[in-house]
Amino acid sequence: MSRNQYYRGMIIVLLCLQTYFFDLVPGLNPALINYNSEFSKKLEIIVVLMLFLIFLVPTKTTKSNKAHIPGHFIVPIVVLLVGVVSISIYSSVVYQQSFIESISNGYGYLIPVAYIALIPFFKLESNVEWFYKWSTRFGLIYVSIQLIQGLVYKMNGIIFLSYTSFARISIDNASRFFEGAEFLTFIALFITIKPFLLKRQWSFLDIVLYIEIVLFHLFMSQGRMYLVIVLSVMVAALGFQIYRKLGKWTFLLLSPFIIFILLLAGGEVFDRLSFFSGDRANSFIARTYSVQYFFNHIFYNKWFGIGFPDPLQYDWLLRGMRGIDPGGGMMTAADVGALGSSAILGIVGIAFFIMIVLTFIHGVFKANSPIPIMIIFLFFLISCLTLSPLDIGRAWPMTLYLSLADAAWNLKFKRGSSNEDSYTSFSV
């Protein structure tokens, strides 16, 4: 087998882990809860290490320019890697625990380092097209099964899929099916950038898959920010499509009307989803407490914030002290996006997010295909508000969309250059 085939095999394994093996095998996900769940990615980090082994295998070098194209996000990723190792060392001193315990508490922040190992893979147009084919197929199967499960549950309360105990608690308490939400949100992003990155219009099944993802977030995960992100990137993609059709000056003339319609629609979405009122107003209140709390802890240990203490012994620090801090015991860094990650990583987190933003801005002006980069950048910025890309469940999707941004930056896809996306011949 070639190195490229090994890469593809490992990516297929990661897709299986992201979709929790489709929840179809009885007892599988509960058995793997400590290794592969929304809150544990130990199997994922093992596969990431295997990707690095593939990356380190020497191959014949070529003199082509493509062989020397660097990954544009390497610097922030290396800063993150060095920072996480350094924070683990200092955490072991501050919290009187071993280095292994510290790195085990913060290993999720190492997942994006897989970006470096994936640089050779995403240098090939054929691999990007292959990845689109397989990720959307996995997404279509997964979300279809989840929607059927949701419909059955709403009708008679039966759960036939093998969910983890975390997911079952959420279903029992709030009727929320949230497993796989991060992966499906990434797939929605991939669909929106397809016409600009792969130079092929959306197929019929692309549209079906996108609609199913919207329905999943609307009725099953009930993740308001996920829904806002999915709709925002599609609005941006449609805006760029309209811009191409109408031309610059016609688009500018119509832009006030378009903005007015979007503001009305956005206000209606916020109102119907009860962002700041209704049954889930308590969630907004808890986040306001979390913002204040974690902002005050960015330099808790001088340069590295809270770091990686034992989550049981230092629950009072990671979630706030009950009876002392407003919202104490109910707060999590994952609820406040990039701010929460910065409260854990301190100056390392701040530097990472600033460098990622600057790299995206540079790519908008220098990339071969700037539109996909702008859409991915929008996805990243909205995520940073309450859904940090560095949270353990979103670290791998971030790794992938940074790789896709590299592909948009470096590669020049030819229109109709591949027939790998063979769902259907229908287009819009």
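Predicted model: local features only at pLDDT ≥ 70, side-chain atom pairs only at ≥ 80, totals over all residues.
1. Residues are numbered from 1 along each chain as its sequence is written, and side-chain values use heavy atoms, with hydrogens and water left out.

2. **The chain overall.** Of the 428 residues, 51% count as buried. Buried means under 20% relative accessible area, exposed means over 50%, and partly exposed is in between (1.4 Å probe, protein chains only). Look at the contacts (heavy atoms within 4.5 Å) with a separation of 6 or more: 76% of them join residues 24 or more positions apart.

3. **Two helices side by side.** Helix α1 (residues 3-18) packs with helix α3 (residues 42-56) at an angle of about 170°, and their axes are 10 Å apart. That makes α1 roughly antiparallel to α3; angles under 35 degrees count as roughly parallel, over 145 as roughly antiparallel, 65 to 115 as roughly perpendicular and the rest as oblique. The axes are lines fitted to C-alpha atoms, for helices over the stretch in contact, and angles run from 0 to 180 degrees between N-to-C directions. Among the residues that meet are Tyr6, Met10 and Leu14 in α1, and Val47, Leu51 and Phe55 in α3.

4. Phenylalanine 21 sits in the loop between α1 and α2 (28-31), and its phi is near 55°, a positive value in a residue other than glycine. Phenylalanine 22 is in the loop between α1 and α2 too, with a positive phi of about 65°. Phenylalanine 21 is partly exposed at 28% relative accessibility, whereas phenylalanine 22 is buried at 16%.

5. **Rings meeting rings.** The count comes to 28 aromatic pairs. Rings of Phe, Tyr and Trp (its six-membered ring) pair if their centres lie within 6.5 Å; planes under 30 degrees apart are stacked, over 60 edge-to-face and the rest tilted. Take tyrosine 90 and tryptophan 303: their ring centres are 5.3 Å apart and their planes are at 90°, so the pair is edge-to-face. Tyrosine 90 is in helix α4 (residues 74-94) and tryptophan 303 in the loop between α13 (281-295) and α14 (315-318), so the pair ties together parts 213 residues apart in sequence. Tyrosine 90 is partly exposed at 43%, and tryptophan 303 is partly exposed at 28%.

6. Elsewhere, one aromatic cluster includes Tyr7, Phe121, Trp130 and Phe190.

7. Asparagine 368 is in the loop between α16 (347-366) and α17, and is partly exposed at 38% relative accessibility. Not counting residues up to four places away in sequence, asparagine 368 touches Ala408, Trp409, Asn410, Leu411 and Lys412.

Methods: Helix = DSSP H or I, 4+ residues; strand = E, 2+ residues; numbered from the N terminus.
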